[in-house]
Amino acid sequence: MVSEDNHEEEIDMIEDKLASLSLKIPELLKAPPHVETPATWVRIRGDKAYISGHGPQNPDGSIAGPFGKVGSEVSLEQAYESAKLAGLSILGSLKRELGSLSRVTAWLQVRVMVNTVAGFTRTADVANGFSDLIFALYGRETGMHARSAIGVQALPVCLPVIIDALVEIAPAGV
Amino acid sequence: MVSEDNHEEEIDMIEDKLASLSLKIPELLKAPPHVETPATWVRIRGDKAYISGHGPQNPDGSIAGPFGKVGSEVSLEQAYESAKLAGLSILGSLKRELGSLSRVTAWLQVRVMVNTVAGFTRTADVANGFSDLIFALYGRETGMHARSAIGVQALPVCLPVIIDALVEIAPAGV
Amino acid sequence: MVSEDNHEEEIDMIEDKLASLSLKIPELLKAPPHVETPATWVRIRGDKAYISGHGPQNPDGSIAGPFGKVGSEVSLEQAYESAKLAGLSILGSLKRELGSLSRVTAWLQVRVMVNTVAGFTRTADVANGFSDLIFALYGRETGMHARSAIGVQALPVCLPVIIDALVEIAPAGV
């Protein structure tokens, strides 16, 4: 019973941090009718959650712009913000799937795919929009993750960035 | 003995579904002499199979076209079909490695890399060529997978798409 | 005590092979001040090491050129060498994290991302710069890995290639 109490506190901690940062995890994606999405956003198996590529969303669940190539239509600053929003999208999917964001016991590996013009050199700066969010919420120990940040040729609906990930999770109700 | 019988039935089920869909898993890749391939198509370790990037093949094992950029030389419909053929290539590698395709107990994470022109927005529709195949064969529970679908700048031999994946497997002979 | 002796011998074997190939694992990356890097190069959890995208480095820890697009500014031969250097960078991170490179008990999955011009067809040949190194050091059994080799639009600081990976590791001090 003591550990359950602790767990409840932990749940509050992540949610509280989101609120204290004035951040909202978005509703389930409301994609326009012609836009295809993966069959699932999160695949749970054993103590792992395998996370599909997520793009930036607005709090109401709609896809968030700006759209286009980072380095021309989209600035580095905007792309950093988009990566942060993609992180919030991932957190939304995890919360819907896991019930509590505190069930994530370790971030493991993250791939940040930025829709860039040729020769754009700052994909890692874009990716920090995601990593900074995760560290702010989970701290350096739980939040630490291996990461690759690459510039790609195209993404669904001209999103500026999508991010996929692998996290370790605790069993439900523990 | 009862469970072995069930297992045999299961083996037949996946193979039967392939046949009922008039689909054939291709022979081992016959690459042209100058074409390099990964040292292995599937890396088995514990209860996981780590799957190298696979492109589309013809049933005889040769590389299947069309070749080139999706959005210019290759249409969306052709690329969907290529993604399906890449899925069959993966199944071929899994069958050769595992003996039976029913040893796959869970699809986990899939990355679909489409060779696109800049600004191509429908990488997820291409990826459905793969996902639809897996769902048709394995159903929604075993077949469900996290997925990312990105447009890349180049692929080996101008393939329109390659796909890599991670699956959970059952021990042999169980 | 016998097994510890064996372990010591094993440690020497990998280090000896590096020396016999006249290869040096580089120092910790000395990135120019404006260059962002992942928060960690290797994320250890359980029996896995999740490895961030690594680029080529010189032995002193500085980023190694040539820089630019493979297929125009950078030749295939140079890119092969860059992939080998990226492999040495990964080994450097693993050694700093694990203490001994012999704690890697299985290479599992590797992604090679080459900064290419459109239509470059030989990403797999580039990737062999990495794979050949791993096989030379670890042999075919421990070193075997699933692999994808793609051409991307952009990489940090115009690196010609970055590589990320997943390996299985033995517990420390065993």
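User: Start with Ile44(C). Which residue is its bridge partner in S2(C)?
Analyst: Ile44(C) is bridged to Ala49(C) in S2(C). Bear in mind that this is a predicted model.

User: How many bridges join S1(C) to strand S2 of chain C, and which way do the strands run?
Analyst: Four bridges, and S1(C) and S2(C), residues 48-54, run antiparallel.

User: What holds strands together in general?
Analyst: Strands of a sheet pair through backbone hydrogen bonds, in a parallel or an antiparallel manner.

User: And what is the strand order of the sheet in chain C?
Analyst: The order is S1-S2-S5-S3-S4 in an open sheet of five strands, and the pairing is mixed. Strand S1 (42-45) and strand S4 (146-152) of chain C are the edge strands, each with pairing on one side only. From one strand to the next, the twist averages 10 degrees.

User: Which strands does helix H2 of chain C touch?
Analyst: H2(C), residues 76-98, packs on the sheet and touches S1, S2, strand S3 (104-115) and strand S5 (161-169) of chain C. The direction of H2(C) makes about 40 degrees with that of S5(C).

User: What about helix H3 of chain C, where does that lie?
Analyst: H3(C), residues 123-143, lies across S3, S4 and S5 of chain C. Relative to S3(C), helix H3(C) runs at about 175 degrees.

User: Back to H2(C). How far apart are its end C-alpha atoms?
Analyst: They are 32 Å apart. H2(C) has 23 residues, and at 1.5 Å a residue it should span 33 Å, so the two values agree. Just after H2(C) comes Gly99(C), with a positive phi of about 90 degrees.

User: What does helix H2 of chain B give on that check?
Analyst: H2(B), residues 76-98, has 23 residues that should span 33 Å at 1.5 Å a residue. Its end C-alpha atoms are 32 Å apart, which agrees. Gly99(B) follows H2(B), and its phi is positive, near 90 degrees.

User: Where is Ser75(B) placed?
Analyst: Ser75(B) is in the loop between strand S2 (48-54) and H2 of chain B.

User: Why does Ser75(B) count as partly exposed?
Analyst: Because Ser75(B) has 13 C-beta neighbours inside 10 Å. A residue with 12 or fewer would be exposed, and one with 20 or more would be buried.

User: How far apart are Ser75(B) and Ser100(B)?
Analyst: From C-alpha to C-alpha they are 34 Å apart in space, and in sequence they are 25 residues apart.

User: Switching to chain A. What does its secondary structure come to?
Analyst: Three helices and five strands. Along the sequence of chain A the pattern reads α-β-β-α-β-α-β-β.

User: How does its radius of gyration sit with a compact globule?
Analyst: Chain A has 16 Å, and a compact globule of 174 residues would have a value near 16 Å, so they agree. Along the principal axes, its C-alpha atoms fill a box of roughly 55 × 35 × 30 Å. Of the 174 residues, 50% count as buried.

User: Is S2(A) mostly covered or mostly open?
Analyst: Mostly covered, with six of the seven residues of S2(A) buried.

User: What are the partners of S2(A)?
Analyst: S2(A) is joined to S1(A) by four bridges and to S5(A) by five bridges. Both pairs run antiparallel. Arg43(A) stands opposite Tyr50(A) in S2(A), and Ile51(A) stands opposite Ala165(A) in S5(A). The hairpin of S1(A) and S2(A) has two residues between the strands, and Gly46(A) there takes a positive phi near 60 degrees.

User: How many residues of chain A are in contact with chain B?
Analyst: 22 residues of chain A, against 24 residues of chain B. On the chain A side, strand S1 (42-45), strand S2 (48-54) and strand S5 (161-169) each supply at least two residues. S2(A) gives the most, with four residues. That side of chain A divides into 13 nonpolar, five polar and four charged residues.

User: And how many residues does the contact with chain C take?
Analyst: That contact takes 24 residues from chain A and 22 residues from chain C. Strand S3 (104-115), helix H3 (123-143) and strand S4 (146-152) of chain A each supply at least two residues of the chain A side. S4(A) gives the most, with seven residues. The chain A side there divides into ten nonpolar, eleven polar and three charged residues.

How values were computed:
Residues numbered from 1 in each chain as written. Chains lettered and ligands numbered in written order. Predicted model: local features only at pLDDT ≥ 70, side-chain atom pairs only at ≥ 80, totals over all residues. Rg over C-alpha atoms; globule rule 2.2 N^0.38 Å. Contact = placed C-beta atoms within 7 Å. Nonpolar A, V, L, I, M, F, W, Y, C, P; charged D, E, K, R; others polar. Pairing = 2+ DSSP bridges. Axes fitted to C-alpha atoms, helices over the stretch in contact; angles between N-to-C directions. Expected span 1.5 Å × (residues − 1).
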